Structure formats: structure tokens, C-alpha cells
Amino acid sequence: MKFVKTTVNTRNDKKAVFEHRGQFYLYSFVNNEDMHVNETMVFPCDKDGEVRDYAEVAVDSGYVASAVMMENLRRRLDSMVDTTTE
């Protein structure tokens with residue numbers, strides 16, 4: 001999982017773009033007490049971090065560091081790659 005860029009970095013809102021095997025992913029942490037939202041999610045996105053479909057590919061409650069969240073996603077994605085040969 002390769003870091004591409006940070007798009008937001010505040011105490012309660014963190015977003016960054018990562019790339020893996022040609023696919024881009026937006027890491028997103030949001031803590032909004034007014035809306036009772038405190039979660040970390042990952043969405044498919046384009047190279048600029050624009051998300052078209054908000055069906056998350058990874059989610060956890062509370063804050064999860066991007067390094068941990070993206071490594072867990074990388075492992076899961078890599079385990080899904082068909083390594084058989086014909």
C-alpha cells in the first residue's frame with residue numbers, strides 16, 4: 001500500500017489517498033460528536049481522492065491510524081488475489 005497524499009489532517013477529520021495494485025483508496029477518519037460519528041473507513045476513489053461510491057471496503061469504530069488500517073486492507077486485498085497458475 002503506497003501513500004499518495006493527505007487531503008485533510010485535523011484532530012477530528014483525517015483523509016489520505018493510498019494506491020495498491022493500480023487502485024486508489026481514500027482513508028477517512030471522522031469524529032463528529034454532534035452527529036455521534038466516530039469511525040475510520042476506507043473507500044475506493046480516484047487518484048485525486050474523489051469517491052463516487054461510498055460503499056466502504058474497510059471500517060472500524062473510533063480512530064485507527066492510517067498505517068494500521070491500510071496494512072490490514074492490503075493484507076485482505078492480497079489474500080484475495082488468485083495466485084494459481086494454469
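What is the order of the 5 strands in the open sheet? The order is β1-β2-β3-β4-β5, and the pairing is antiparallel. This is a predicted model. Helix α1 packs on the sheet, where it touches β2, β3, β4 and β5. The largest nonpolar core has 12 residues, and α1 gives the most to this core.

**Sheet**

- The sheet is open and has 5 strands.
- Its edge strands are β1 (residues 2-10) and β5, each of which pairs on one side only.
- From one strand to the next, the twist averages 10°.
- β3 and β4 pair in the antiparallel sense, and 9 bridges join them.
- N31 stands opposite N38, a residue of β4.

**Helix α1**

- Helix α1 runs over residues 66-79, which makes 14 residues.
- At 1.5 Å a residue, α1 should span 20 Å, and its end C-alpha atoms are 20 Å apart, so the two values agree.
- Four places in α1 are held by buried residues: M69, M70, L73 and L77.
- A67, R75 and S79 are exposed, on the face of α1 turned away from its buried side.

**Helix against sheet**

- The buried residues of α1 pack against β2 (13-20), β3 (23-32), β4 (37-45) and β5 (58-61).
- The direction of α1 makes about 140° with that of β3.
- M69 is one of the buried residues of α1. Leaving out residues up to four places away in sequence, M69 touches Y27, T40, M41, V42, A58, V59, D60 and V64.

**Nonpolar cores**

- The largest nonpolar core holds A16, F18, Y25, Y27, F29, V42, A58, V64, M69, M70, L73 and L77.
- Two or more residues of this core come from each of β2, β3 and α1.
- The contribution of α1 is 4 residues.
- Another core, of 6 residues, lies apart from the largest one. Among its residues are V17, L26, C45 and V51.
- In soluble globular proteins, nonpolar side chains tend to be buried together.

Key. Residues numbered from 1 in each chain as written. Predicted model: local features only at pLDDT ≥ 70, side-chain atom pairs only at ≥ 80, totals over all residues. Heavy atoms only, no water. Expected span 1.5 Å × (residues − 1). Buried < 20%, exposed > 50% of the residue type's maximum accessible area, 1.4 Å probe, protein only. Contact = heavy atoms within 4.5 Å. Pairing = 2+ DSSP bridges. Axes fitted to C-alpha atoms, helices over the stretch in contact; angles between N-to-C directions. Core = buried A, V, L, I, M, F, W, Y, C linked by side-chain atoms within 4.5 Å.
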